[in-house]
Amino acid sequence: MVKIGYLGPRGTFTKLAVDTAFNGEDKHSFDTIPECIDAVEENRIDIGVVPLENAIEGTVQLTVDYLVHQVRLPIIAEIVVPIQQHLLVDPNFSGDLSNLEEIHSHSHAIAQCHQFIHKYMPDAAINFTSSTGKAAEVVSDSDRNIAAIGNKLAAKEYGLRIYQENIHDYPNNHTRFAVLAKNEDIVKIRHDKQAEKTSLLITLPSDYAGALHQVLSAFAWRKMNLSKIESRPMKTGLGNYFFIVDVNQPYDGVLFPSVQAELEALGCKVTVLGTYPVYQMNI
Ligand SMILES: O=C(O)C(=O)Cc1ccccc1
């Protein structure tokens, strides 16, 4: 049976995404994103699912940096799910918001609820956890007045009460999850894909005037639509960056090779991180 790993523990958004996209597979929880990616690399699991980007807080830097700098696994698919954040407390908690001393959650969940926390829980100490599921676990293991931010699955899995629903600041909250695998044939998502994309990693030879403009124009005059461009530090010193570019079309044998050749002639290095279908899910 195909083994699927995900950022756990029980009750994370990643687990929700996995449950929606796959059924019947053998599912394994990992405490951190790197541990999940390593398990695919070391063939302990066949597929790894990790968060990639959130509509409100942006890229999950840990995932991108680990994939670029540590373990290069191809992105085989992308799952997009809506995100609703709730304030979770022990079922016996009887106070009000001002009695909650601490809030625990993943940094992206905390950021998505920033205004709520600022307005209604300004004195609560913030504690970052490796996932929202982990935060729910912390609250369920504690006998103090503390809260977690997470989803309904986490409330169910850890026996917590939803003190307040939908505390995220912006309604259109979605997260993209990357499906990573060495062998794309084993990834079977039984839904209709909404789009196809290609993610490229581009490093510039050195900093010179108009370098990024030249890179972008290689896509522009071929009418290749980009849905994302992001720079990240190369980790080789201040001011050195690489770019991740998402192109709204699948890799083909004509346009992409000619873009690559053009960029390489400029001295850039181009790596395809994946060309993959996008599945928009409702949970
Ligand atoms: O912590 C989780 O539940 C995750 O899967 C990562 C995450 C965190 C916040 C929003 C979306 C995904």
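Let's start with the second largest cavity, which is lined by 15 residues, with Leu-52, Val-64, Ile-75, Ile-244 and Leu-273 nearest its centre. The elements giving two or more residues to that lining are α3, β13 (226–233), β14 (241–247) and β15 (269–280). A word on terms: on a 1 Å grid over the protein atoms alone, a cavity is a set of points where a 1.4 Å probe fits but cannot get out, and lining residues have an atom within 4 Å of a point. Helices (H or I, at least four residues) and strands (E, at least two) are DSSP runs, numbered from the N terminus.

Please keep in mind that this is a predicted model, where local features need pLDDT of at least 70 and side-chain atom pairs count only at pLDDT 80 or more, while totals for chains, interfaces and linings use all residues. Residues are numbered from 1 along each chain as its sequence is written, and side-chain values use heavy atoms, with hydrogens and water left out.

Back to our cavity. Its volume is about 160 Å³, a volume being the space filled by probe spheres set on grid points, which are joined across faces, edges and corners. The lining of the second largest cavity divides into eight nonpolar, two polar and five charged residues. Here Ala, Val, Leu, Ile, Met, Phe, Trp, Tyr, Cys and Pro count as nonpolar, Asp, Glu, Lys and Arg as charged, and the others, Gly among them, as polar.

The largest cavity has a volume of about 190 Å³. Of the 17 residues lining the largest cavity, Phe-13, Pro-51, His-106, His-108 and Thr-132 are the closest to its centre. At least two lining residues each come from α1 (13–21), β3, α4 (107–112) and β11, and α4 gives the largest share, three residues. By class, the lining of the largest cavity has seven nonpolar, ten polar and no charged residues.

Now, the ligand. Which of the 14 residues around the ligand come nearest? They are Thr-12, Phe-13, Thr-14, Ser-131 and Thr-132, where being around it takes a heavy atom within 4 Å. Look at the polar contacts, pairs of N or O atoms within 3.5 Å; within protein, one must be able to donate a hydrogen and the other to accept it, and residues adjacent in sequence count only if both atoms are side-chain atoms. Phe-13 brings a backbone N or O atom to 2.8 Å from an oxygen atom of the ligand. From the side chain of Thr-14, an N or O atom is 2.5 Å from a ligand oxygen atom. Thr-132 has a polar side-chain atom 2.5 Å from an oxygen atom of the ligand.

On to the pockets. A pocket is an open set of points with protein on both sides within 12 Å along at least five of seven lines. The largest pocket holds about 220 Å³ of space, and its lining includes Leu-204, Asp-207, Tyr-208, Met-234 and Phe-243. Both α8 (211–220) and β14 supply at least two residues of that lining, which divides into eight nonpolar, three polar and one charged.

The second largest pocket has about 150 Å³ of space. Among the residues lining the second largest pocket are Phe-13, Leu-16, His-86, Lys-152 and Ile-283. The elements giving two or more residues there are α1 and α7 (152–157).
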